[in-house]
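Welcome! Here is a short tour of a structure that may be new to you. Please keep the 3D view open as you read.

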Amino acid sequence: QVLVAESGGGTVQPGGSLRLSCRPARSETEVTIMGWYRQAPGKERELVADMDSIGNKKYAEAVKGRFTISRDYHKSTLDLEMSNMKPEDTAVYYCYGRGLRRFRGRDYWGQGTQVTVSS
């Protein structure tokens, strides 16, 4: 099931910025957004950044100092601010959330949003 939804992908030039946002697709009572992954062509899906319930953040080494993850508690979104972007950041970005209530016990993935960094 698709319980989360990403937005904000697009094409930027190297050095540019993009902001991604992930929200519960239907209700914040079903899922809490936990983090972002990405998958480049020919590569495995990899963690970009995540944030736990008490605010601890984790970043992939490749994005430290360039990407910032944050939570908007009013909108129930998990946002990823990407700056100083590089061509190697090109990938499909997926957010994921932890199921709540009857959805507890598993994670749910968004359908992905394309991010392309190109001159």
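## Strands and hairpins

Two strands pair if DSSP finds at least two bridges between them. Strands (E, at least two residues) are DSSP runs, numbered from the N terminus. This is a predicted model, in which local features need pLDDT of at least 70, side-chain atom pairs count only at pLDDT 80 or more, and totals for chains, interfaces and linings use all residues. Residues are numbered from 1 along each chain as its sequence is written, and side-chain values use heavy atoms, with hydrogens and water left out.

Let us begin with E5 (residues 46-51) and E6 (residues 57-59). Three bridges join these antiparallel strands, and Asp 50 has Lys 58 of E6 as its bridge partner. Five residues lie between E5 and E6 in their hairpin, where Gly 55 in the turn has a positive phi of about 95°.

E5 also pairs with E4 (residues 31-39), in the antiparallel sense over four bridges. Here Trp 36 stands opposite Ala 49. The hairpin of E4 and E5 has six residues between the strands, and Gly 42 in its turn shows a positive phi of about 75°.

## A look at Gly 97

Where does Gly 97 sit? It belongs to strand E9 (residues 91-99).

Beyond its neighbours within four places in sequence, Gly 97 is in contact (heavy atoms within 4.5 Å) with residues including Val 4, Ile 33 and Tyr 108. Trp 36 is 61 residues away from Gly 97 in sequence, with 9.2 Å between their C-alpha atoms.
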